[in-house]
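Reader: Could you walk me through this one? I would like to go slowly and keep the criteria in view.

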Amino acid sequence: GDSDEQKCDSWVKMFTDVVSQLYQEDSSVFRKLAEEKNYSPIFFSNEKDKRGCFEISTGLFLITSNDVNSKLRILSRIFKDLEKDKSELTFKLQPLE
């Protein structure tokens with residue numbers, strides 16, 4: 001299929017770029033996840049706070065100070081809720097020079 005390869009230099013940048021792109025496709029999934037009591041506090045915030053957040057849209061912040069596994073879990077859940085195949089998201093890691 002078509003490939004939209006993007007380079008980034010950190011997991012946070014990858015996370016926020018992918019989430020932004022997915023949010024543009026279907027914002028309702030994010031609003032639903034943000035309202036889930038068991039899920040929301042780990043990944044979403046209603047206000048920018050000291051934990052490090054990225055504003056997805058007005059009043060909806062994605063917590064970015066979590067570990068890489070947490071970032072991958074939220075992406076997995078978003079892909080599931082959007083009915084996307086997780087294989088659409090692949091990573092190609094390059095060593096630091």
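Author: Let me begin with the segment after α4, which is where Glu83 lies; helices here are DSSP runs of H or I with at least four residues, strands are runs of E with at least two, and both are numbered from the N terminus. This is a predicted model, in which local features need pLDDT of at least 70 and side-chain atom pairs count only at pLDDT 80 or more, while totals for chains, interfaces and linings use all residues. Residues are numbered from 1 along each chain as its sequence is written, and side-chain values use heavy atoms, with hydrogens and water left out.

Reader: What about the phi of Glu83?

Author: Glu83 is not a glycine, yet its phi is positive, at about 55°. Most residues other than glycine have a negative phi.

Reader: And is Glu83 buried or exposed?

Author: Glu83 counts as exposed because its relative accessibility is 74%, where exposed means over 50% relative accessible area, buried under 20%, and partly exposed in between, with a 1.4 Å probe and protein chains only.

Reader: Switching topic, what is the order of the strands in the sheet?

Author: The sheet is open, with three strands in the order β1-β3-β2 and antiparallel pairing; two strands pair if DSSP finds at least two bridges between them. The edge strands, each pairing on one side only, are β1 (44-45) and β2 (53-57).

Reader: How many bridges join β1 to β3?

Author: Two bridges join them, and Phe61 in β3 is the bridge partner of Ser45.

Reader: Where does Asn66 lie?

Author: Asn66 is in the loop between β3 and α4 (68-81), and it counts as buried because its relative accessibility is 16%. A polar atom of the Asn66 side chain lies 3.4 Å from the backbone oxygen of Ile63.

Reader: I mostly care about pockets, so how much space lies in the largest pocket?

Author: About 1,100 Å³, a volume being the space filled by probe spheres set on grid points joined across faces, edges and corners. On a 1 Å grid over the protein atoms alone, a pocket is an open set of points where a 1.4 Å probe fits, with protein on both sides within 12 Å along at least five of seven lines, and lining residues have an atom within 4 Å of a point.

Reader: Which residues lie nearest its centre?

Author: Of the 28 lining residues, those are Gln6, Met14, Leu89, Thr90 and Phe91. Helix α1 (residues 11-25) gives the most to the lining, with seven residues.

Key: Polar contact = N/O pair within 3.5 Å; in protein donor to acceptor, adjacent residues only side chain to side chain.
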